[in-house]
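Let's walk through this model together, from the overall fold down to a pair of neighbouring residues.

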Amino acid sequence: MKKSTLLPILTLAALPAFSQDQSLSLLATHIYTQTYSYSGTDFSTGNPTDLGLRYGRTLATFPKLGGARLDLEGTIVKACGKPTISFGGVSQPGVTYTHEYMALGASATWTKVVDFGAAVELRHETSTINLPDAYAHMMGVAEASYSTTRFRPWATARVGYTYPSGSIKPFVTLEYSLPLTTVDSPSNPNGFQAGGLKGPKANLTFTMGGRF
């Protein structure tokens, strides 16, 4: 993960602690992507898993709404994988795939023995595929690296548990996220298209962190 993307989150995390209205968590995200076929080429990203970081700050609580807590959240994630790509039924080694995003959103959480809630966020996503030079030459394309950047809104459902102990309260959460808009397959002047550049179709995320 780039240091330049970590800096805003780490800066926010340095705000005064022990106020019980902040949280910092580590994310393990499994990305579900789309398979793709084009002109005799079959492509699959392999659904990579990698880590991310999230900072949250409580904006308000609503006792009349069952004690709902409204949080503002900032998240960064980067996943790297080794996709499978075949041409004419022959697998081509050496292809790499990355997907990363930065997001800003809000969540509503209720605690009734367990935590449950939902979130919406706007993600700035970048998907990149790097091809071996030999394969790019075989495909008849001028470039060996393709990247697509987009903004998409996502919705997330969550369930978890917070351990009510001490000034820092540890928590774990399981999340499932879906994009709220669909994206057409990208193309370039050479006509080469790759399914991974469509962006993920879903995320399954495990988070572990603390409220302070």
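The chain holds two helices and 12 strands, where helices (H or I, at least four residues) and strands (E, at least two) are DSSP runs numbered from the N terminus. Along the sequence they follow the pattern α-β-β-β-β-β-β-β-β-β-α-β-β-β. Please keep in mind that this is a predicted model, in which local features need pLDDT of at least 70 and side-chain atom pairs count only at pLDDT 80 or more, while totals for chains, interfaces and linings use all residues. Residues are numbered from 1 along each chain as its sequence is written, and side-chain values use heavy atoms, leaving out hydrogens and water.

Of the 212 residues, 43% count as buried (under 20% relative accessible area, with exposed over 50% and partly exposed in between; 1.4 Å probe, protein chains only).

Now look at strand S11, which holds both Leu174 and Glu175. Leu174 is partly exposed because its relative accessible area is 43%. Glu175, at 3% relative accessibility, counts as buried.

What does the side chain of Glu175 make a polar contact with? One partner is the side chain of Arg54, at 2.7 Å, and another is the side chain of Arg158, at 3.1 Å. A polar contact here is a pair of N or O atoms within 3.5 Å; within protein, one must be able to donate a hydrogen and the other to accept it, and residues adjacent in sequence count only if both atoms are side-chain atoms. Leaving aside residues up to four places away in sequence, Glu175 also touches others, including Thr156, Asn203 and Thr207 (heavy atoms within 4.5 Å).
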